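Hi,

Here is the structure I promised to pass on to you. Have a look at it first, and then read on for my notes on a few of its helices.

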Amino acid sequence: MCGGDLWVAAQTNVQIDAEIGKKDHFRMETNEEGSIMGGSKILIVDDELIVRESLAGWLERDGHQLKTASSGEEALTMIEESRFDIILLDIKMGGMSGLEVLKAVKENDPDIAVIMITAYGSVNTAVEAMKYGATDYLMKPFDPDELGILIERIEKQQLQARENQYLRQEVHERTRFESMIGQSKAMQKVFELIQDVAPTDSTVLIRGETGTGKGLAAKAIHTLSQRCAGPFVAINCGAFPEQLLESELFGYQKGAFTDAKETKKGRFELAHEGTLFLDEIGEISMRMQIDLLRILEDRVFYRLGSTQPLEVDFRVIAATNRDLEKAIRERSFREDLYYRLNVFTFEMPPLRERKEDIPLLAGHFLNRFAQETNKTVERISRDALDEMMLYEWPGNIRELENAIERAVVVVKGAAILPEHLPIFSPDLVSRPSDQSLKEMEKMHIAQILEQNQWNISKCSEILGIDRSTLYSKIKRYEIRKKD
């Protein structure tokens with residue numbers, strides 16, 4: 001899986017807890033010494049009554065659930081009606097042979113363990129059965145101890161397989177949205193859209209302001225896609241001048257230009273069988289737009305200085321903070337490229353529109369930076385959190401991350417206080433020299449309350465904070481309703 005710094009989408013936690021419950025159930029199947037307890041559902045298939053009764057008697061004493069069938073046809077009917085963990089299957093029977101039954105069983109359910117029952121003269125057939133998926137074979141006459149050991153070994157293998165499946169599911173759940181977190185309706189909608197588009201191979205255009213997590217969304221789509229085993233190759237198109245961007249995307253042959261000392265693969269080539277993420281796609285030049293459009297249509301390109309065409313297979317995810325429709329009207333972005341990219345689009349919400357996620361994000365960053373700096377910063381004070389809820393965060397999540405990192409660096413105690421947050425330093429806040437920030441906030445809140453007849457819901461919406469935060473500030477600042 002493609003992984004990163006893990007913030008887990010809020011709704012996945014329930015699913016993870018459910019899977020943990022399953023794992024605990026698996027563990028309860030072992031005793032104190034770690035041996036598997038009896039309890040498997042076993043089907044015995046043999047046309048000899050004495051064999052069926054002997055095997056059933058031994059296995060029932062070990063606590064297993066037993067069913068018996070006298071023919072292959074009867075066994076297949078029972079398997080259609082109920083699932084078994086283990087099947088004991090005689091090779092030579094009247095009617096369908098054990099080998100024929102084995103093939104039918106494995107076609108229906110490859111996970112069922114099948115033990116072939118064989119006499120000395122049919123050992124070669126039992127070995128052949130292993131090629132068709134039999135787990136092992138048991139020779140007549142039977143040794144009860146040998147049978148018990150064989151069943152226990154199979155149970156251990158099945159337990160291990162179930163736990164491995166759980167671990168794969170857990171890793172998938174924990175990485176499915178990469179470094180994204182959110183319980184707000186806006187983010188839940190984003191998660192749904194990512195889940196919808198990820199299994200397809202459609203081109204995706206992610207829009208949103210700088211710092212809203214467009215790159216994280218792109219990687220989440222890749223992680224959930226059929227291309228997740230392939231590379232995720234990202235490039236910020238706005239970070240390179242035109243000529244350098246061209247060599248980064250196309251690569252170049254040795255000797256293509258003065259500094260080309262060796263052949264270099266470009267991002268197009270590196271993204272083969274994976275995902276190419278073109279960040280800030282709105283910043284590329286018109287000439288580069290023409291080249292990009294041709295490659296997106298043909299999936300064929302040339303390295304700089306080479307005449308050898310290269311075919312590539314990658315999915316394209318693009319992102320931009322620009323108004324591309326306006327850029328098209330201004331003739332700075334090609335309309336045909338826009339429609340090529342705009343197959344499936346969604347917008348990452350700015351942080352000011354999902355303020356209920358701020359405590360989750362801030363708490364995550366606090367834990368991360370406290371560990372990185374080895375500092376015992378345990379919490380964010382209520383006052384500091386209130387200030388963060390009031391702030392508009394023009395730099396979005398990236399600005400919040402930087403603010404918490406700085407606060408962890410400068411804090412001396414166990415809690416982050418408002419004065420530790422850089423967003424409220426004097427050089428960033430425009431206010432009268434004779435009035436503190438808290439005095440300004442108190443005055444502003446009181447003014448909004450009076451203007452809206454103390455309608456708490458409307459005032460909290462205008463202020464961009466929830467009702468509980470507004471009540472807390474009214475109490476702290478001792479704001480009273482005018483008579």
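Around helix α14, the elements covering its buried residues include β15 (379–380), α15 (382–390), α16 (396–410) and β16 (415–416). Please keep in mind that this is a predicted model. The buried residues of α14 are Ile358, Leu361, Ala362, His364, Phe365, Leu366, Phe369 and Ala370. The helix covers residues 358–373, and its 16 residues should span 22 Å at 1.5 Å a residue, which agrees with the 22 Å between its end C-alpha atoms. After α14 comes Asn374, with a positive phi near 55°.

Helix α2 (residues 49–61) is also worth a look. From first C-alpha to last, its 13 residues reach 19 Å, close to the expected 18 Å. Val51, Arg52, Leu55, Ala56 and Leu59 are buried in α2. Viewed down the helix axis, these buried residues fall within an arc of 120°, so they line one face of α2. Ile50, Glu53 and Arg61, on the other side, are exposed. Gly63 follows α2 and has a positive phi, near 90°.

Finally, how do α18 and α19 lie relative to each other? The axes of α18 (residues 456–463) and α19 (residues 467–476) come within 9 Å and cross at roughly 95°; the two helices are therefore roughly perpendicular. From α18, the contact uses Ile456, Ser457, Cys459, Ser460 and Leu463, and from α19, Arg467, Leu470, Tyr471 and Ile474. By class, this contact has six nonpolar, two polar and one charged residues.

Enjoy exploring!

Best wishes

How values were computed
Residues are numbered from 1 along each chain as its sequence is written. This is a predicted model: local features need pLDDT of at least 70, side-chain atom pairs count only at pLDDT 80 or more; totals for chains, interfaces and linings use all residues. Side-chain values use heavy atoms; hydrogens and water are left out. Helices (H or I, at least four residues) and strands (E, at least two) are DSSP runs, numbered from the N terminus. The expected span of a helix is 1.5 Å times one less than its number of residues. Buried means under 20% relative accessible area, exposed over 50%, partly exposed in between (1.4 Å probe, protein chains only). The arc is that of the directions from the helix axis to the C-beta atoms. Contact means heavy atoms within 4.5 Å. Axes are lines fitted to C-alpha atoms, for helices over the stretch in contact, and angles run from 0 to 180 degrees between N-to-C directions. Angles under 35 degrees count as roughly parallel, over 145 as roughly antiparallel, 65 to 115 as roughly perpendicular and the rest as oblique. Ala, Val, Leu, Ile, Met, Phe, Trp, Tyr, Cys and Pro count as nonpolar, Asp, Glu, Lys and Arg as charged, and the others, Gly among them, as polar.
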